[in-house]
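The model is shown below.

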Amino acid sequence: MLSSCAFLYAMKRWKIISFSEGEPQSVTSNPITLIPLRTLVHTLPLAVSYLLYMLITMESVRGINVPMYTTLRRTTVAFTMIVEYLLTGRKHSSYVIGSVGIIIIGAFVAGARDLSFDAYSYSIVFMANICSAVYLASIAHIGKSSGLTSFGLMWCNGIICAPILLFWTSFKGDLEALMSFPYLYSSGFQVVMLLSCIMAFLINYYVFLNTTLNSALTQTICGNLKDLFTIGLGWLLFGGLPFDLMNVLGQSLGFLGSCLYAYCKLKGK
């Protein structure tokens, strides 16, 4: 988060990017005044939803196996459709609803052999799904109503969330554990960490951009496609994953549903 704010501030100072549509070219050096206070307050729901999304998602992976976690997380598409309707009143065609249904069926087929039920873990994952849906819907809604670009939304999110996260990690003891990490001052570790921060910045930017240009549902389905490619690439590069017909069938259904959604978007259905 701190790296993201530093990248954004530097690019803003060098006039490479802008934070809002039609803003003046004069740039203040004070980070606090780069965005008007009223606009910053307007983005508070986005920052709150991001914090909840991140903290609950981290908790949700603790008590459930990976296949079932992936299965339940893919149901986020349904939650996103509901949240979009509640926040913006947006309705989707029967074609889109059908493609989302195929994705959800594929997710449960893929995880059918791992139906180990844990009420607490399941409830946390579904809470993470709701937070993820609210977060993406907030990006789409606030992005249009605030007049901010994707970079502006990232800046507001960063300067609100970074101090809160700094306090939280200090309170939980994570900062103390960080300082005792044996490779903290290793040049190799620092290079890898910097590259990781750059990649995280790019991922966040494209999530914001895709969500504001298209929709929260489109971004969620893109995330599902990303998972499919991650599974396939991981199997090709690292192996070790036993062949399971149910898993392959479920992944194929998920891919089919995503392709049908893309087709519906192209045809305007």
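The structure contains 14 aromatic pairs, where rings of Phe, Tyr and Trp (its six-membered ring) pair if their centres lie within 6.5 Å, with planes under 30 degrees apart called stacked, over 60 edge-to-face and the rest tilted. The pair Tyr135 and Phe208 is edge-to-face because the ring centres are 6.3 Å apart and the planes stand at 85°. Tyr135 belongs to helix H7 (residues 119–146) and Phe208 to helix H10 (residues 187–213), so this pair ties together parts 73 residues apart in sequence. Helices here are DSSP runs (H or I, at least four residues), strands likewise (E, at least two), numbered from the N terminus. Both Tyr135 and Phe208 are buried, a term for under 20% relative accessible area, with exposed being over 50% and partly exposed in between (1.4 Å probe, protein chains only).

The rings of Phe151 and Tyr205 are stacked, because their centres lie 4.5 Å apart and their planes are at 10°. This pair links distant parts of the chain, with Phe151 in helix H8 (residues 150–172) and Tyr205 in helix H10, 54 residues apart.

The model is predicted: local features need pLDDT of at least 70 and side-chain atom pairs count only at pLDDT 80 or more, while totals for chains, interfaces and linings use all residues. Residues are numbered from 1 along each chain as its sequence is written, and side-chain values use heavy atoms, leaving out hydrogens and water.

Tyr135 and Phe208 also belong to one aromatic cluster with Tyr50 and Tyr53. Elsewhere, the charged end of Lys12 sits over the ring of Phe19, 5.0 Å from its centre; the rule asks for NZ of Lys or CZ of Arg within 6 Å of the ring centre and within 35 degrees of the ring normal.

The search of the whole structure finds 0 disulfides, a disulfide being a pair of cysteine sulfur atoms within 2.5 Å. The cysteine sulfur closest to that of Cys156 is in Cys5, 9.8 Å away, which is too far for a bond.

| Residue | Relative accessibility |
|---|---|
| Phe151 | 17% |
| Tyr205 | 16% |
| Cys156 | 0% |
| Cys264 | 5% |

An unreviewed UniProt entry places the feature "transmembrane region" at several spans, including residues 152–171 and 183–207; such annotations may be inferred rather than shown by experiment, with positions given in the numbering used here and feature names shortened. Residues 152–171 are 100% helix and 0% strand, with end C-alpha atoms 29 Å apart. For residues 183–207, the end C-alpha atoms lie 31 Å apart, and the span is 84% helix and 0% strand.
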